[in-house]
Amino acid sequence: MAHEDKYVDLRVKHLEMIQAVTSRMSGYSATLKNYSITIVTGIIGIAFTVKMPGLIALSAVVAIAFAYLDARYLQLERAYRSLFDEVRLQDWDARPLFDLRPREVHRHPYAHALLSWSVAGFYGPLVVVVAVVYAIGRGCI
């Protein structure tokens, strides 16, 4: 009985480790969104200050690059959630392996992450706003 109780505690620790990775991925995603807004608005501000509307196009490239990174974090986060579920459903009387490698990243295609509401729903409108500002900037500058 002592081994089984110890295995349950170890299994909980394993799940906590996986959850910590998932939480970090989610935090990185939020950080990327903050940085993207800051950098995009900074580039737009500089473009208007130096009267170079062509610089505004650079902010669209920056937004797309951040979208790419954010989608990758989301893809990995989903893979770790699957790993969490897999470990949760294992036999709790067996010794956990403490494997933190998500085996099924391919089950969560990159395109699905890129087109998710949290990535496309954030960066899509950001790129549209950049395009509108670019159009306005070409007429004003």
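This briefing describes a pocket, a surface patch, salt bridges and selected residues of one predicted model. In this predicted model, local features need pLDDT of at least 70 and side-chain atom pairs count only at pLDDT 80 or more, while totals for chains, interfaces and linings use all residues. Residues are numbered from 1 along each chain as its sequence is written, and side-chain values use heavy atoms, with hydrogens and water left out.

**The largest pocket**

- The largest pocket has a volume of about 190 Å³.
- A pocket is defined on a 1 Å grid over the protein atoms alone, as an open set of points where a 1.4 Å probe fits, with protein on both sides within 12 Å along at least five of seven lines.
- Grid points are joined across faces, edges and corners, and the volume is the space filled by probe spheres set on the points.
- The lining consists of 14 residues, of which S29, L74, E77, R81 and S118 are the closest to the centre of the pocket; a lining residue has an atom within 4 Å of a point.
- Helix 1 (2-49) and helix 2 (54-88) are the elements that give two or more residues to this lining.
- Helices are DSSP runs (H or I, at least four residues), numbered from the N terminus.
- Helix 2 gives the most to the lining, with 6 residues.
- By type, the lining residues divide into 5 nonpolar, 4 polar and 5 charged.
- In this division, Ala, Val, Leu, Ile, Met, Phe, Trp, Tyr, Cys and Pro count as nonpolar, Asp, Glu, Lys and Arg as charged, and the others, Gly among them, as polar.

**Salt bridges**

- The structure holds 5 salt bridges (a side-chain nitrogen of Lys or Arg within 4 Å of a carboxyl oxygen of Asp or Glu).
- One of them joins the side chains of E77 and R81, at 2.4 Å from N to O.
- E77 and R81 both lie in helix 2, 4 residues apart, about one turn of the helix.
- E77 counts as buried because its relative accessibility is 7%, whereas R81 is partly exposed at 43%.
- The cut-offs for these words are under 20% relative accessible area for buried, over 50% for exposed, and in between for partly exposed (1.4 Å probe, protein chains only).
- Another salt bridge links the side chains of R88 and D85, at 3.5 Å from N to O.
- R88 and D85 are 3 residues apart in helix 2, so about one helical turn separates them.
- R88 counts as partly exposed at 37% relative accessibility, and D85 counts as partly exposed at 34%.
- The side chains of R101 and D99 also meet in a salt bridge, at 3.0 Å from N to O.
- R101 is exposed, with a relative accessible area of 59%.

**The loops and the surface patch**

- I46, V50 and M52 make a nonpolar surface patch of about 270 Å².
- Such a patch is made of residues with over 30% relative accessible area and no salt bridge, and its nonpolar side chains (Val, Leu, Ile, Met, Phe, Trp, Tyr) are joined within 5 Å; like charges, in charged patches, are joined within 9 Å.
- Accessible areas come from the Shrake-Rupley method with a 1.4 Å probe, and for residues only the protein chains shown count as cover.
- M52 lies in the loop between helix 1 and helix 2, and its relative accessibility of 46% makes it partly exposed.
- K51 is also found in the loop between helix 1 and helix 2, and it is exposed, with a relative accessible area of 62%.
- K51 has a positive phi of about 55° although it is not a glycine.
- F98, a residue other than glycine, likewise has a positive phi, near 60°.
- F98 is placed in the loop between helix 2 and helix 3 (110-114) and is partly exposed at 32% relative accessible area.

**Distances in sequence and in space**

- K33 lies in helix 1 and counts as buried because its relative accessibility is 16%.
- K33 and A67 are 34 residues apart along the chain, and their C-alpha atoms are separated by 8.5 Å.
- Y80 is in helix 2 and counts as buried at 13% relative accessibility.
- I39 lies in helix 1 and is partly exposed, with a relative accessible area of 35%.
- I39 and V87 are 48 residues apart in sequence and 39 Å apart in space, C-alpha to C-alpha.
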